[in-house]
Every structure is written in structure tokens, then in C-alpha cells.
Amino acid sequence: MSRARVIAVAGGLLLFVALIAVAYIAGRRDGRAIADGKQAAVDRAVAAERGKREAAVAKGDAAGQARETDRQTHVREITRETNTITERPVYRNVCVDADGVRILDRAAAVANGDDPRPSAGGAGEPAQAAPGG
């Protein structure tokens with residue numbers, strides 16, 4: 001082969017590689033433009049759906065506020081205060097008063113199987129007279 005022919009073949013190969021590179025780059029650009037267009041369409045659809053949902057939430061919120069206002073106009077809240085009168089102080093330094101000791105003694109008697117009648121001379125109570133005399 002002659003030198004001119006080798007140069008022509010090498011030039012042709014170089015031109016072929018350059019054309020393939022240009023076609024590849026152009027294809028990448030077209031693909032990117034197509035992908036960007038599809039992504040923009042998806043973004044628009046998402047934004048439209050978000051707008052619809054936000055509008056529905058705002059509408060529901062307004063309806064809820066209207067229901068609450070209506071409820072407040074129809075419902076009457078009643079607050080009652082009661083006075084409490086304490087006959088005996090419940091909390092004081094003495095652990096149990098005489099009545100409490102008597103009740104505890106009777107509960108212990110019942111638990112032990114004894115006669116639960118009040119015993120003579122128990123805590124806080126006077127001794128009772130013996131029956132019959």
C-alpha cells in the first residue's frame with residue numbers, strides 16, 4: 001500500500017471516530033432533554049396534586065372551625081362549685097382516733113374468728129357494766 005492510501009485510511013478512521021463521538025454527544029444531549037422534559041412533567045403533576053391536597057386540607061380545616069364555632073354557640077358549659085364541710089379533721093399528727101381504734105379492734109377480732117362485739121374497756125371507750133347486775 002502506498003503512503004497516500006494509508007493516510008487516507010487513517011484519515012477516514014479518524015473521521016469515522018469523530019462522527020461517532022459527535023453522534024454520541026448529540027444523543028446524550030437529546031436524552032437529557034427528553035429526561036428533563038419528563039421530570040418537569042412529573043414535577044408539574046406533583047405540584048398540582050399537592051395544591052389539590054392542600055386545598056382539601058384548608059377546606060376541611062375551615063369546616064372544622066365552623067363546626068367548633070357552631071358547637072360553642074349551642075353548648076353551654078356549666079361549672080358548679082360545692083362546699084365541703086369537714087366534721088373531723090382527717091389528717092393530723094395522731095394516727096388513729098378512738099373510733100378508728102375501735103373499728104380496727106373489731107376488724108382484727110373478725111379476722112381472728114373472735115366475737116366481733118365491742119369489748120369492755122377497749123381503746124377510747126368506757127368499760128360497760130356486766131349484764132344482769
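Accessible areas here come from the Shrake-Rupley method with a 1.4 Å probe, and for residues only the protein chains shown count as cover.

Ground rules next. This is a predicted model: local features need pLDDT of at least 70, side-chain atom pairs count only at pLDDT 80 or more, and totals for chains, interfaces and linings use all residues. Residues are numbered from 1 along each chain as its sequence is written, and side-chain values use heavy atoms, with hydrogens and water left out.

Now the overall picture. The secondary structure comes to two helices and zero strands. Both terms refer to DSSP runs, numbered from the N terminus: helices are H or I with at least four residues, strands are E with at least two. Of the 133 residues, 3% count as buried. Buried means under 20% relative accessible area, exposed means over 50%, and partly exposed lies in between, with a 1.4 Å probe and protein chains only.

Start with helix H1, residues 3–74. Phe16 lies in this helix. Phe16 counts as exposed, because its relative accessibility is 51%. Together with Val17 and Ile20, Phe16 forms a nonpolar patch on the surface. The three share about 300 Å² of accessible area. Patch members need over 30% relative accessible area and no salt bridge; like charges are joined within 9 Å, nonpolar side chains (Val, Leu, Ile, Met, Phe, Trp, Tyr) within 5 Å.

On to charges. Side chains of opposite charge can pair when their charged atoms come close. How many salt bridges does a search of the whole structure find? Three. The criterion is a side-chain nitrogen of Lys or Arg within 4 Å of a carboxyl oxygen of Asp or Glu.

Take Arg53 and Glu49. Their closest N and O atoms are 3.0 Å apart. Both residues lie in H1, four residues apart, about one turn of the helix. Arg53 is exposed at 58% relative accessibility. Glu49 is partly exposed at 35%.

Next, Arg71 and Glu68. Here the closest N and O atoms are 2.8 Å apart. About one helical turn separates the two, because they sit three residues apart in H1. Arg71 is partly exposed at 36%, and Glu68 is partly exposed at 33%.

The remaining pair is Asp99 with Arg102, again a salt bridge, with closest N and O atoms 2.8 Å apart. Both lie in helix H2, three residues apart, about one turn. Asp99 is partly exposed at 35%. Arg102 is partly exposed at 26%.

Last, a geometry check on H2, residues 98–112. What span should its 15 residues give? The expected span is 1.5 Å times one less than the number of residues, so H2 should span 21 Å. Its end C-alpha atoms are 21 Å apart, which agrees. Just after H2, Gly113 takes a positive phi of about 85 degrees.
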